[in-house]
Amino acid sequence: MSRLGYDDIVQNLDELPSLPAVVMELLSCIDAEEVDIAVLASKVAQDQALTAKTLRLANSAIYGLQVRVTTIQQAITYLGFQAARNLITAAALTGCFASNRCAGFSHPAFWRHSIATAICAKELARHVRFNQDYAFTAGLLHDVGRLVLVSCFPDDYAGAIAWRGTHDTPWIDAERAVLGIDHVAAGVALAEHWNFSATMRGAIEHHHAPELQGAGFLASVIHVADAIAHALDLACIADELVPPVSAVAWHALRLDEQSCRRVLAQTQTQFDAMAPVLLG
Amino acid sequence: MENDCLPLAQVRAGMVLATDLRDKGGHVLLPAGTTLTQALLDRLAGQGIDTVPVHGDARLDYLFRRLDPTSPDAWAARALKDHLRAWRAGAGE
(Lines give C-alpha, C1' and ligand atoms only; values in the text may rest on other atoms or scores of the structure.)
Protein backbone atom coordinates (compact mmCIF):
# COMPACT_ATOMS: atom_id res chain seq x y z
CA MET A 1 0.00 0.00 0.00
CA SER A 2 1.36 3.40 -0.93
CA ARG A 3 2.13 5.94 1.78
CA LEU A 4 0.70 9.29 0.84
CA GLY A 5 2.01 12.73 1.72
CA TYR A 6 0.56 16.20 1.82
CA ASP A 7 1.91 16.92 -1.68
CA ASP A 8 0.04 13.93 -3.12
CA ILE A 9 -3.16 15.44 -1.79
CA VAL A 10 -2.46 18.92 -3.13
CA GLN A 11 -1.62 17.55 -6.58
CA ASN A 12 -4.97 15.82 -6.77
CA LEU A 13 -7.20 18.64 -5.57
CA ASP A 14 -7.84 19.99 -9.05
CA GLU A 15 -9.59 16.76 -9.94
CA LEU A 16 -12.20 17.28 -7.28
CA PRO A 17 -15.57 18.62 -8.28
CA SER A 18 -15.57 22.36 -7.72
CA LEU A 19 -18.16 23.78 -5.39
CA PRO A 20 -21.10 25.60 -6.92
CA ALA A 21 -20.32 29.30 -7.31
CA VAL A 22 -23.10 30.22 -4.93
CA VAL A 23 -21.61 28.07 -2.14
CA MET A 24 -18.15 29.53 -2.65
CA GLU A 25 -19.73 32.93 -2.31
CA LEU A 26 -21.58 32.00 0.88
CA LEU A 27 -18.45 30.54 2.42
CA SER A 28 -16.26 33.46 1.45
CA CYS A 29 -18.64 36.09 2.84
CA ILE A 30 -19.19 34.35 6.17
CA ASP A 31 -17.44 37.14 8.05
CA ALA A 32 -18.73 39.93 5.81
CA GLU A 33 -20.99 42.44 7.52
CA GLU A 34 -22.69 43.68 4.40
CA VAL A 35 -24.07 41.12 2.02
CA ASP A 36 -26.43 41.97 -0.79
CA ILE A 37 -29.36 39.65 -0.09
CA ALA A 38 -31.08 40.35 -3.38
CA VAL A 39 -28.00 39.31 -5.33
CA LEU A 40 -27.62 36.13 -3.30
CA ALA A 41 -31.28 35.24 -3.69
CA SER A 42 -31.14 35.66 -7.45
CA LYS A 43 -28.07 33.46 -7.69
CA VAL A 44 -29.61 30.66 -5.66
CA ALA A 45 -32.83 30.97 -7.64
CA GLN A 46 -30.97 30.09 -10.83
CA ASP A 47 -30.38 26.59 -9.48
CA GLN A 48 -33.72 24.82 -9.42
CA ALA A 49 -32.69 21.79 -7.41
CA LEU A 50 -31.00 23.96 -4.80
CA THR A 51 -34.00 26.26 -4.61
CA ALA A 52 -36.40 23.36 -4.20
CA LYS A 53 -34.39 21.79 -1.38
CA THR A 54 -33.94 25.11 0.40
CA LEU A 55 -37.66 25.86 0.26
CA ARG A 56 -38.60 22.39 1.51
CA LEU A 57 -36.29 22.90 4.48
CA ALA A 58 -37.61 26.38 5.15
CA ASN A 59 -41.17 25.03 5.15
CA SER A 60 -40.35 22.06 7.40
CA ALA A 61 -41.81 21.89 10.88
CA ILE A 62 -38.66 22.95 12.75
CA TYR A 63 -39.03 26.57 11.69
CA GLY A 64 -42.73 26.69 12.39
CA LEU A 65 -43.41 29.39 9.82
CA GLN A 66 -47.01 30.58 9.66
CA VAL A 67 -46.78 31.07 5.92
CA ARG A 68 -45.55 28.82 3.17
CA VAL A 69 -42.49 30.41 1.56
CA THR A 70 -42.26 29.98 -2.19
CA THR A 71 -39.18 32.00 -3.12
CA ILE A 72 -35.63 32.23 -1.79
CA GLN A 73 -36.19 35.91 -1.07
CA GLN A 74 -39.19 35.03 1.11
CA ALA A 75 -37.18 32.34 2.90
CA ILE A 76 -34.50 34.90 3.73
CA THR A 77 -37.13 37.39 4.89
CA TYR A 78 -38.96 34.98 7.18
CA LEU A 79 -36.04 32.88 8.49
CA GLY A 80 -33.45 35.61 8.63
CA PHE A 81 -30.33 35.75 6.56
CA GLN A 82 -28.20 33.52 8.80
CA ALA A 83 -30.64 30.63 8.99
CA ALA A 84 -31.40 30.83 5.27
CA ARG A 85 -27.73 30.85 4.46
CA ASN A 86 -27.18 27.71 6.56
CA LEU A 87 -29.95 25.94 4.68
CA ILE A 88 -28.61 26.96 1.28
CA THR A 89 -25.08 25.89 2.18
CA ALA A 90 -26.24 22.52 3.49
CA ALA A 91 -28.50 21.90 0.50
CA ALA A 92 -25.73 22.76 -1.96
CA LEU A 93 -22.90 20.86 -0.26
CA THR A 94 -24.77 17.60 0.25
CA GLY A 95 -25.41 17.49 -3.49
CA CYS A 96 -21.67 17.60 -4.25
CA PHE A 97 -19.28 14.63 -4.46
CA ALA A 98 -22.07 12.19 -5.18
CA SER A 99 -20.02 9.70 -7.17
CA ASN A 100 -18.73 6.68 -5.32
CA ARG A 101 -15.70 4.73 -6.46
CA CYS A 102 -14.58 3.59 -3.03
CA ALA A 103 -15.70 0.20 -1.75
CA GLY A 104 -17.28 0.38 1.68
CA PHE A 105 -17.66 4.16 1.78
CA SER A 106 -21.22 5.36 2.31
CA HIS A 107 -21.89 8.91 1.14
CA PRO A 108 -25.29 9.00 2.85
CA ALA A 109 -23.72 7.91 6.16
CA PHE A 110 -20.98 10.51 5.73
CA TRP A 111 -23.50 13.29 5.18
CA ARG A 112 -25.79 12.11 7.97
CA HIS A 113 -22.87 12.48 10.36
CA SER A 114 -21.86 15.85 8.89
CA ILE A 115 -25.41 17.23 9.07
CA ALA A 116 -25.78 15.98 12.66
CA THR A 117 -22.46 17.60 13.62
CA ALA A 118 -23.48 20.87 11.93
CA ILE A 119 -26.80 21.03 13.78
CA CYS A 120 -25.21 20.08 17.10
CA ALA A 121 -22.42 22.64 16.61
CA LYS A 122 -25.04 25.32 15.99
CA GLU A 123 -26.88 24.35 19.19
CA LEU A 124 -23.64 24.31 21.19
CA ALA A 125 -22.76 27.73 19.75
CA ARG A 126 -26.16 29.05 20.79
CA HIS A 127 -25.54 27.73 24.31
CA VAL A 128 -22.18 29.52 24.67
CA ARG A 129 -23.21 32.56 22.58
CA PHE A 130 -20.73 31.87 19.82
CA ASN A 131 -21.37 32.56 16.12
CA GLN A 132 -23.95 29.89 15.17
CA ASP A 133 -23.41 30.38 11.48
CA TYR A 134 -19.70 29.62 11.70
CA ALA A 135 -20.41 26.63 13.88
CA PHE A 136 -22.96 25.16 11.50
CA THR A 137 -20.76 25.50 8.43
CA ALA A 138 -17.64 24.22 10.20
CA GLY A 139 -19.64 21.24 11.47
CA LEU A 140 -20.85 20.47 7.98
CA LEU A 141 -17.30 20.62 6.62
CA HIS A 142 -15.24 19.25 9.51
CA ASP A 143 -14.66 15.85 7.88
CA VAL A 144 -14.53 17.10 4.28
CA GLY A 145 -10.98 15.72 4.10
CA ARG A 146 -12.49 12.23 4.08
CA LEU A 147 -14.27 13.09 0.85
CA VAL A 148 -10.97 14.30 -0.57
CA LEU A 149 -9.26 11.02 0.30
CA VAL A 150 -12.18 8.92 -0.95
CA SER A 151 -12.36 10.84 -4.22
CA CYS A 152 -8.63 11.02 -4.93
CA PHE A 153 -7.50 7.64 -3.58
CA PRO A 154 -10.55 5.35 -3.59
CA ASP A 155 -8.60 2.09 -3.54
CA ASP A 156 -6.31 3.18 -0.72
CA TYR A 157 -9.27 4.45 1.26
CA ALA A 158 -11.08 1.16 0.80
CA GLY A 159 -8.02 -0.37 2.46
CA ALA A 160 -8.38 2.03 5.39
CA ILE A 161 -12.05 1.12 5.74
CA ALA A 162 -11.16 -2.57 5.82
CA TRP A 163 -8.41 -1.90 8.38
CA ARG A 164 -10.85 -0.04 10.61
CA GLY A 165 -13.26 -2.96 10.37
CA THR A 166 -10.59 -5.27 11.74
CA HIS A 167 -9.04 -2.96 14.34
CA ASP A 168 -12.19 -1.14 15.49
CA THR A 169 -10.62 2.33 15.79
CA PRO A 170 -11.71 5.88 15.01
CA TRP A 171 -11.36 6.78 11.32
CA ILE A 172 -8.34 8.95 11.85
CA ASP A 173 -6.28 6.04 13.23
CA ALA A 174 -7.17 3.80 10.29
CA GLU A 175 -6.25 6.54 7.82
CA ARG A 176 -2.89 7.15 9.44
CA ALA A 177 -2.09 3.44 9.61
CA VAL A 178 -3.03 2.62 6.02
CA LEU A 179 -2.65 5.84 4.01
CA GLY A 180 0.04 7.57 6.02
CA ILE A 181 -2.08 10.72 5.98
CA ASP A 182 -5.41 11.56 7.62
CA HIS A 183 -8.59 13.41 6.75
CA VAL A 184 -7.49 16.38 8.84
CA ALA A 185 -4.47 17.06 6.60
CA ALA A 186 -6.59 16.48 3.50
CA GLY A 187 -9.24 18.85 4.84
CA VAL A 188 -6.68 21.55 5.53
CA ALA A 189 -5.33 21.20 1.99
CA LEU A 190 -8.82 21.58 0.61
CA ALA A 191 -9.60 24.53 2.89
CA GLU A 192 -6.58 26.31 1.47
CA HIS A 193 -7.45 25.32 -2.08
CA TRP A 194 -10.96 26.72 -1.63
CA ASN A 195 -9.77 29.81 0.24
CA PHE A 196 -11.73 29.16 3.42
CA SER A 197 -11.31 31.72 6.18
CA ALA A 198 -8.59 31.12 8.78
CA THR A 199 -11.28 30.40 11.39
CA MET A 200 -12.89 27.70 9.27
CA ARG A 201 -9.54 26.20 8.38
CA GLY A 202 -8.49 26.17 12.04
CA ALA A 203 -11.64 24.32 13.05
CA ILE A 204 -11.04 21.64 10.42
CA GLU A 205 -7.38 21.40 11.40
CA HIS A 206 -7.91 21.06 15.15
CA HIS A 207 -11.22 19.28 15.57
CA HIS A 208 -9.39 16.17 16.79
CA ALA A 209 -6.97 18.16 18.98
CA PRO A 210 -8.89 21.15 20.37
CA GLU A 211 -6.70 21.34 23.47
CA LEU A 212 -3.66 22.43 21.44
CA GLN A 213 -2.41 25.95 22.00
CA GLY A 214 -3.97 28.21 19.36
CA ALA A 215 -6.56 25.66 18.25
CA GLY A 216 -9.33 28.21 18.71
CA PHE A 217 -12.71 27.97 20.37
CA LEU A 218 -14.51 26.84 17.21
CA ALA A 219 -12.35 23.69 17.20
CA SER A 220 -13.69 22.86 20.68
CA VAL A 221 -17.26 23.40 19.50
CA ILE A 222 -16.75 21.10 16.51
CA HIS A 223 -14.88 18.51 18.57
CA VAL A 224 -17.73 18.15 21.05
CA ALA A 225 -20.40 18.34 18.34
CA ASP A 226 -18.62 15.54 16.49
CA ALA A 227 -18.58 13.35 19.61
CA ILE A 228 -22.26 14.04 20.33
CA ALA A 229 -23.21 13.29 16.72
CA HIS A 230 -21.43 9.93 16.97
CA ALA A 231 -23.02 9.25 20.35
CA LEU A 232 -26.51 10.04 19.04
CA ASP A 233 -25.94 7.27 16.50
CA LEU A 234 -27.39 9.35 13.66
CA ALA A 235 -25.19 8.08 10.83
CA CYS A 236 -26.85 4.66 11.06
CA ILE A 237 -23.71 2.58 10.72
CA ALA A 238 -23.52 -0.72 12.56
CA ASP A 239 -20.00 -0.23 13.96
CA GLU A 240 -20.45 3.42 14.97
CA LEU A 241 -17.89 4.55 17.56
CA VAL A 242 -17.65 7.59 19.82
CA PRO A 243 -14.11 9.00 19.46
CA PRO A 244 -12.12 10.20 22.49
CA VAL A 245 -13.63 13.36 24.03
CA SER A 246 -11.20 16.10 25.03
CA ALA A 247 -11.80 17.19 28.62
CA VAL A 248 -10.52 20.67 27.77
CA ALA A 249 -13.08 21.08 24.98
CA TRP A 250 -15.90 19.56 27.03
CA HIS A 251 -15.12 21.88 29.94
CA ALA A 252 -14.98 24.92 27.63
CA LEU A 253 -18.58 24.32 26.54
CA ARG A 254 -19.91 24.43 30.12
CA LEU A 255 -22.52 21.74 29.56
CA ASP A 256 -24.48 20.84 32.66
CA GLU A 257 -27.15 18.16 32.61
CA GLN A 258 -29.94 20.51 31.61
CA SER A 259 -28.10 22.27 28.80
CA CYS A 260 -26.67 19.01 27.48
CA ARG A 261 -30.13 17.45 27.35
CA ARG A 262 -31.43 20.49 25.48
CA VAL A 263 -28.60 20.20 22.93
CA LEU A 264 -29.24 16.47 22.50
CA ALA A 265 -32.98 16.97 22.03
CA GLN A 266 -32.59 19.89 19.61
CA THR A 267 -29.99 18.04 17.57
CA GLN A 268 -32.18 14.96 17.28
CA THR A 269 -35.31 16.95 16.37
CA GLN A 270 -33.67 19.17 13.79
CA PHE A 271 -31.77 16.26 12.30
CA ASP A 272 -34.99 14.29 11.85
CA ALA A 273 -36.47 17.25 9.97
CA MET A 274 -33.46 18.19 7.84
CA ALA A 275 -31.75 14.94 6.90
CA PRO A 276 -34.60 13.42 4.84
CA VAL A 277 -34.88 16.62 2.79
CA LEU A 278 -31.15 17.03 2.25
CA LEU A 279 -30.50 13.39 1.43
CA GLY A 280 -33.84 12.50 -0.13
CA MET B 1 -35.71 2.42 27.70
CA GLU B 2 -35.39 2.23 23.94
CA ASN B 3 -34.32 -0.90 22.18
CA ASP B 4 -30.93 -1.15 20.56
CA CYS B 5 -29.93 -3.01 17.44
CA LEU B 6 -26.41 -4.38 17.73
CA PRO B 7 -24.29 -6.07 15.08
CA LEU B 8 -24.23 -9.79 15.90
CA ALA B 9 -20.49 -9.74 16.60
CA GLN B 10 -21.10 -7.22 19.42
CA VAL B 11 -23.91 -9.12 21.09
CA ARG B 12 -22.81 -10.87 24.27
CA ALA B 13 -24.23 -13.78 26.19
CA GLY B 14 -26.56 -12.47 28.89
CA MET B 15 -28.12 -9.72 26.77
CA VAL B 16 -31.91 -9.90 26.42
CA LEU B 17 -33.87 -9.76 23.16
CA ALA B 18 -36.07 -6.66 23.02
CA THR B 19 -38.29 -7.88 20.17
CA ASP B 20 -38.81 -11.16 18.35
CA LEU B 21 -35.78 -12.12 16.33
CA ARG B 22 -36.84 -13.17 12.84
CA ASP B 23 -34.99 -14.66 9.90
CA LYS B 24 -35.13 -13.12 6.42
CA GLY B 25 -38.29 -15.04 5.67
CA GLY B 26 -40.02 -13.47 8.67
CA HIS B 27 -40.06 -16.60 10.80
CA VAL B 28 -39.51 -16.11 14.52
CA LEU B 29 -36.18 -17.62 15.51
CA LEU B 30 -36.29 -16.48 19.12
CA PRO B 31 -39.08 -14.68 20.96
CA ALA B 32 -38.74 -11.32 22.71
CA GLY B 33 -37.43 -11.68 26.26
CA THR B 34 -35.02 -14.51 25.44
CA THR B 35 -31.76 -14.27 27.36
CA LEU B 36 -29.06 -14.93 24.81
CA THR B 37 -26.48 -17.62 25.50
CA GLN B 38 -23.24 -18.28 23.68
CA ALA B 39 -24.72 -21.43 22.14
CA LEU B 40 -27.65 -19.42 20.75
CA LEU B 41 -25.32 -16.71 19.41
CA ASP B 42 -23.16 -19.30 17.66
CA ARG B 43 -26.24 -20.74 15.99
CA LEU B 44 -27.51 -17.33 14.85
CA ALA B 45 -24.25 -16.70 13.01
CA GLY B 46 -25.04 -19.64 10.75
CA GLN B 47 -28.54 -18.38 10.05
CA GLY B 48 -27.66 -15.16 8.25
CA ILE B 49 -28.46 -12.86 11.17
CA ASP B 50 -26.56 -9.52 10.96
CA THR B 51 -28.09 -7.49 13.74
CA VAL B 52 -29.89 -8.34 16.95
CA PRO B 53 -32.40 -6.16 18.83
CA VAL B 54 -31.35 -6.12 22.47
CA HIS B 55 -32.63 -4.33 25.56
CA GLY B 56 -31.41 -1.27 27.31
CA ASP B 57 -28.01 0.33 27.35
CA ALA B 58 -26.24 -2.28 25.24
CA ARG B 59 -25.96 0.00 22.20
CA LEU B 60 -24.79 2.93 24.31
CA ASP B 61 -22.09 0.76 25.88
CA TYR B 62 -21.14 -0.41 22.39
CA LEU B 63 -20.84 3.16 21.06
CA PHE B 64 -18.58 4.12 23.97
CA ARG B 65 -16.60 0.86 23.85
CA ARG B 66 -13.27 2.67 23.31
CA LEU B 67 -13.68 4.83 26.38
CA ASP B 68 -10.43 4.42 28.30
CA PRO B 69 -11.22 4.65 32.03
CA THR B 70 -7.55 5.32 32.86
CA SER B 71 -7.35 8.41 30.61
CA PRO B 72 -7.37 11.75 32.46
CA ASP B 73 -10.00 12.85 29.92
CA ALA B 74 -12.31 9.89 30.59
CA TRP B 75 -14.71 11.95 32.73
CA ALA B 76 -15.73 14.01 29.68
CA ALA B 77 -16.86 11.03 27.61
CA ARG B 78 -18.46 9.55 30.72
CA ALA B 79 -20.39 12.78 31.30
CA LEU B 80 -21.64 12.71 27.71
CA LYS B 81 -22.68 9.08 28.08
CA ASP B 82 -24.49 9.75 31.35
CA HIS B 83 -26.34 12.78 29.94
CA LEU B 84 -27.32 10.76 26.90
CA ARG B 85 -28.63 7.90 29.01
CA ALA B 86 -30.60 10.28 31.24
CA TRP B 87 -32.04 12.09 28.23
CA ARG B 88 -33.07 8.85 26.53
CA ALA B 89 -34.70 7.59 29.73
CA GLY B 90 -36.60 10.85 30.19
CA ALA B 91 -37.57 11.37 26.56
CA GLY B 92 -40.69 9.27 26.87
CA GLU B 93 -41.94 10.93 30.05
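The model is predicted, so local features are reported only at pLDDT of at least 70 and side-chain atom pairs only at pLDDT 80 or more, while totals for chains, interfaces and linings use all residues. Residues are numbered from 1 along each chain as its sequence is written, chains are lettered from A and ligands numbered from 1 in the order in which they are written, and side-chain values use heavy atoms, with hydrogens and water left out.

Start with the interface. The size of an interface is often given as the accessible area lost when the parts come together. Here, chain A and chain B bury about 2000 Å² between them, with 63% of that on carbon and sulfur atoms; buried area is the accessible area (1.4 Å probe) that two parts lose on being put together, summed over both. Chain A puts 28 residues into the contact and chain B 19 residues, where contact means heavy atoms within 4.5 Å. Two salt bridges run between chain A and chain B, a salt bridge being a side-chain nitrogen of Lys or Arg within 4 Å of a carboxyl oxygen of Asp or Glu. In one salt bridge, the side chain of Arg59(B) meets that of Asp233(A), at 2.6 Å from N to O. There are also eight residue pairs in polar contact between chain A and chain B, both residues at pLDDT 80 or more. A polar contact is a pair of N or O atoms within 3.5 Å; within protein, one must be able to donate a hydrogen and the other to accept it, and residues adjacent in sequence count only if both atoms are side-chain atoms. On the side of chain A that touches chain B, the elements giving two or more residues are helix 14 (217-231), helix 15 (247-252) and helix 16 (257-279) of chain A. Helices (H or I, at least four residues) and strands (E, at least two) are DSSP runs, numbered from the N terminus. Helix 16 of chain A gives the most to that side, with six residues. By residue class, the side of chain A that touches chain B splits into 15 nonpolar, six polar and seven charged.

Within chain B, helix 1 (residues 38-45) has Leu40(B), Leu41(B) and Leu44(B) buried. Buried means under 20% relative accessible area, exposed over 50%, and partly exposed in between (1.4 Å probe, protein chains only). The other side of helix 1 of chain B carries Ala39(B), Asp42(B), Arg43(B) and Ala45(B), which are exposed. As for packing, the buried residues of helix 1 of chain B go against strand 2 (21-22) and strand 3 (28-30) of chain B.

Further along chain B, Lys81(B) belongs to helix 3 (residues 74-91). Lys81(B) counts as buried, at 13% relative accessibility. Setting aside residues up to four places away in sequence, Lys81(B) touches Leu60(B), Asp61(B) and Phe64(B).

Over all chains, the structure holds 14 salt bridges. Arg85(A) pairs with Asp133(A), with the closest N and O atoms 2.7 Å apart. Since Arg85(A) lies in helix 6 (residues 81-93) and Asp133(A) in helix 8 (residues 132-141) of chain A, the pair ties together parts that are 48 residues apart in sequence. Both Arg85(A) and Asp133(A) are buried. Another salt bridge joins the side chains of Arg164(A) and Asp239(A), at 3.1 Å from N to O. This pair links distant parts of the chain, with Arg164(A) in helix 10 (residues 154-167) and Asp239(A) in the loop between helix 14 and helix 15 of chain A, 75 residues apart. Arg164(A) is buried at a relative accessible area of 3%, whereas Asp239(A) is partly exposed at 28%.

Asp182(A) is found in the loop between helix 11 (171-178) and helix 12 (183-193) of chain A, and is buried with a relative accessible area of 11%. The side chain of Asp182(A) forms a salt bridge with that of Arg176(A) (2.8 Å, N to O), and Arg176(A) is partly exposed at 44% relative accessibility. The Asp182(A) side chain also reaches the backbone nitrogen of Ala185(A) at 3.0 Å. Finally, Lys122(A), Glu123(A) and Arg126(A) are linked in a network of salt bridges.

Conventions: Nonpolar A, V, L, I, M, F, W, Y, C, P; charged D, E, K, R; others polar.
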